[in-house]
Amino acid sequence: MLMNSADIAHEMTSLDGWSLDQDKPCIHKEWVFDSFPTAMAFFAAVGALAESADHHPECLSSFTHFRIRLWTHDAQGLTMKDFQLARQIDQAASGLHTVPCED
Ligand code: H2B
């Protein structure tokens, strides 16, 4: 079910490091991992989570940099599925080594 802006604002307060893109609308986050293998381990973990949730993020992988955008295509906007998957993705990343983002 498509979320209204009040529900979205509420969910955003419980997410760490995710930003809301009003134009799309989608939520997005970037990571920089300590190595390419770590970034690929993250990619594999995100892929497994996406398949089990039947909810698939847009992933942009560039060496150690990784960017994810999440929205629900079927609903043409944000639903709770996006926030649930965002939390699972954060859990997967928490076990991996990241380095501070330069930009
Ligand atoms: N992923 C995302 N991000 N949004 C969707 O609406 C979506 C999806 N729909 N993965 C799913 C698959 C749908 O196409 C299938 C039929 O359940």
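Entry 1: Before I start, a reminder to myself: strands here are DSSP runs of E with at least two residues, helices are runs of H or I with at least four, and both are numbered from the N terminus. With that settled, I found P25 in the loop that links β1 (19-21) to β2 (26-32). I also keep in mind that this is a predicted model. The peptide bond between K24 and P25 is cis, and its omega is about -15°.

**Entry 2: two positive phi values.** Next I looked up backbone angles. D54 is not a glycine, yet its phi is positive, near 50°. I located D54 in the loop between α2 and β3. F63 is also a residue other than glycine, and its phi is positive at about 55°. F63 sits in the loop between β3 and β4 (65-70). Is F63 buried or exposed? Its relative accessible area is 59%, so F63 counts as exposed. D54 comes out as exposed too, at 54% relative accessibility; the cut-off I used for "exposed" is over 50%.

**Entry 3: around the ligand.** Then I checked some distances. From an N or O atom in the D54 side chain to an oxygen atom of the ligand I read 2.6 Å. A polar backbone atom of W71 lies 2.9 Å from a nitrogen atom of the ligand. For D74, a polar backbone atom is 2.9 Å from an oxygen atom of the ligand. The ligand on its own exposes 390 Å², and the protein buries 66% of that.

**Entry 4: a closer look at H55.** H55 lies in the loop between α2 (36-53) and β3 (58-62). Why do I call H55 buried? Its relative accessible area is 7%, so H55 falls in the buried class, for which the limit is under 20%. The H55 side chain makes a polar contact of 2.7 Å with the side chain of D82. Leaving out residues up to four places away in sequence, H55 touches A50, L70, W71, T72, K81, D82 and L85.

**Entry 5: C101.** My last stop was C101, in the segment after α3 (80-94). C101 is partly exposed because its relative accessible area is 34%, and that class lies between 20% and 50%. Apart from residues up to four places away in sequence, C101 touches E30 and V32. C101 and E30 are 71 residues apart along the chain, but their C-alpha atoms are separated by 8.2 Å.

How values were computed
Residues are numbered from 1 along each chain as its sequence is written. This is a predicted model: local features need pLDDT of at least 70, side-chain atom pairs count only at pLDDT 80 or more; totals for chains, interfaces and linings use all residues. Side-chain values use heavy atoms; hydrogens and water are left out. Buried means under 20% relative accessible area, exposed over 50%, partly exposed in between (1.4 Å probe, protein chains only). Contact means heavy atoms within 4.5 Å. A polar contact is a pair of N or O atoms within 3.5 Å; within protein, one must be able to donate a hydrogen and the other to accept it, and residues adjacent in sequence count only if both atoms are side-chain atoms. Accessible areas come from the Shrake-Rupley method with a 1.4 Å probe; for residues, only the protein chains shown count as cover.
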